[in-house]
Amino acid sequence: MHIHPGILAAPKIIGANYTAIVTLAGFAPALLKKPLLLVKTSAAALIFSLLMQVVHFPVGPSELHLVGASIVYFLFGFLPAMFGFAIGLLLQGLVFEPQDLMHLGVNSLSLILPLIATHQLLGKRFFAKGENGLAVNWAQIVKFDAIYYSGVVVMVGFWLLNGSEATPLQSWATWAISYLPIVFIEPLLTYLAIKAVQGSKPGSWLRSLTSAGSLRLQGS
């Protein structure tokens with residue numbers, strides 16, 4: 001989902017950086033009101049960064065990564081996942097890929113905007129209380145990932161369409177198709193991660209650090 005340096009002109013990069021800052025600033029008050037969310041955000045950023053390094057190689061005009069979107073989202077919740085993506089990309093740029101810092105806003109939006117949409121369309125129902133709550137199972141996580149990664153594919157296509165040089169449709173499609181295994185593998189990892197948290201002792205650090213303990217896991 002990384003956009004390589006040189007594809008976008010400077011004004012578009014500046015616009016993306018501004019949009020990313022405004023988007024995060026709009027959610028920042030809700031994050032700062034609860035100190036525990038800051039701890040969860042730090043953990044989300046770390047896990048996201050580690051997962052990105054596990055699977056990391058170029059495909060077509062972008063790169064294939066194990067983003068771990070559903071893992072981070074279901075373990076830590078919406079706000080920590082969203083801010084964790086941005087912070088994780090910053091850490092990755094500082095430590096592993098300095099050239100990616102140029103497109104920090106671009107790449108952040110590619111992950112953040114689909115997460116906001118997926119949270120509103122489906123995700124928030126998993127954390128809802130009472131009758132509005134939705135049970136978590138493998139099929140639902142697959143649905144979550146399918147919606148989310150479809151959004152990421154659209155975002156990358158948007159950046160490529162606005163690039164300085166035309167990108168062949170076939171190259172973009174090849175990259176998009178490469179994410180299909182992730183959509184099926186990641187939900188299994190997510191399910192196992194939730195199950196591990198719920199199998200830990202009540203009051204343990206694992207339950208305190210994550211939000212997965214409050215989820216209703218089907219088939220556990």
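Author: Let me begin with a definition: helices (H or I, at least four residues) and strands (E, at least two) are DSSP runs, numbered from the N terminus. The model is a predicted one, in which local features need pLDDT of at least 70 and side-chain atom pairs count only at pLDDT 80 or more, while totals for chains, interfaces and linings use all residues. Residues are numbered from 1 along each chain as its sequence is written, and side-chain values use heavy atoms, with hydrogens and water left out.

Reader: How many helices and strands does the protein have, and what is the radius of gyration?

Author: From the N terminus on, the elements run α-α-β-β-α-α-α-α-α-α-α, which amounts to nine helices and two strands. The globule rule (2.2 Å times the number of residues to the power 0.38, with the radius taken over C-alpha atoms) gives 17 Å for 220 residues, and the protein is as compact as a globular protein of that length because its radius of gyration is close to that value, at 17 Å.

Reader: What share of the residues of the protein counts as buried?

Author: Buried means under 20% relative accessible area, exposed means over 50%, and partly exposed lies in between, with a 1.4 Å probe and protein chains only. Of the 220 residues, the share that counts as buried is 51%.

Reader: Among contacts between residues at least 6 apart in sequence, what percentage joins residues at least 24 apart?

Author: A contact means heavy atoms within 4.5 Å. Among the contacts between residues at least 6 apart in sequence, the part that joins residues at least 24 apart is 77%.

Reader: Which helix supplies the largest share of the lining of the largest cavity?

Author: On a 1 Å grid over the protein atoms alone, a cavity is a set of points where a 1.4 Å probe fits but cannot get out, a pocket is an open set with protein on both sides within 12 Å along at least five of seven lines, and lining residues have an atom within 4 Å of a point. Grid points are joined across faces, edges and corners, and a volume is the space filled by probe spheres set on the points. The count comes to one cavity of 30 Å³ or more, and the lining of the largest cavity is made up of His-2, Leu-89, Gln-92, Gly-93, Glu-97, Asp-100, Leu-104 and Asn-107. Helix H4 (78–95) and helix H5 (104–121) each supply at least two of the lining residues, and the largest share, three residues, comes from H4.

Reader: How much space lies in the largest cavity, and how does its lining divide by class?

Author: Ala, Val, Leu, Ile, Met, Phe, Trp, Tyr, Cys and Pro count as nonpolar, Asp, Glu, Lys and Arg as charged, and the others, Gly among them, as polar. The space in the largest cavity is about 50 Å³, and its lining residues divide into two nonpolar, four polar and two charged.

Reader: What is the volume of the largest pocket, and which residues lie nearest its centre?

Author: Helix H2 (35–54) and H4 each supply at least two residues of the lining of the largest pocket, and by class that lining has eight nonpolar, three polar and two charged residues. The volume of the pocket is about 270 Å³, and of its 13 lining residues those nearest the centre are Lys-34, Leu-37, Phe-78, Leu-79 and Pro-80.

Reader: Is Phe-27 buried or partly exposed, and which residues is it in contact with?

Author: Phe-27 has its place in helix H1 (residues 10–32), and with 27% relative accessibility it counts as partly exposed. Leaving aside neighbours within four places in sequence, Phe-27 is in contact with Phe-78, Leu-79, Met-82, Phe-83 and Ile-116.

Reader: Why does Pro-187 count as buried, and which residues is it in contact with?

Author: Pro-187 is placed in helix H8 (residues 180–198), and it counts as buried because its relative accessibility is 0%. Leaving aside neighbours within four places in sequence, Pro-187 is in contact with Trp-138, Ile-141, Val-142, Asp-145 and Ile-182.

Reader: Which residues is Ser-178 in contact with?

Author: Ser-178 lies in helix H7 (residues 169–178) and, at 17% relative accessibility, counts as buried. Leaving aside neighbours within four places in sequence, its contacts are Val-59 and Leu-64.
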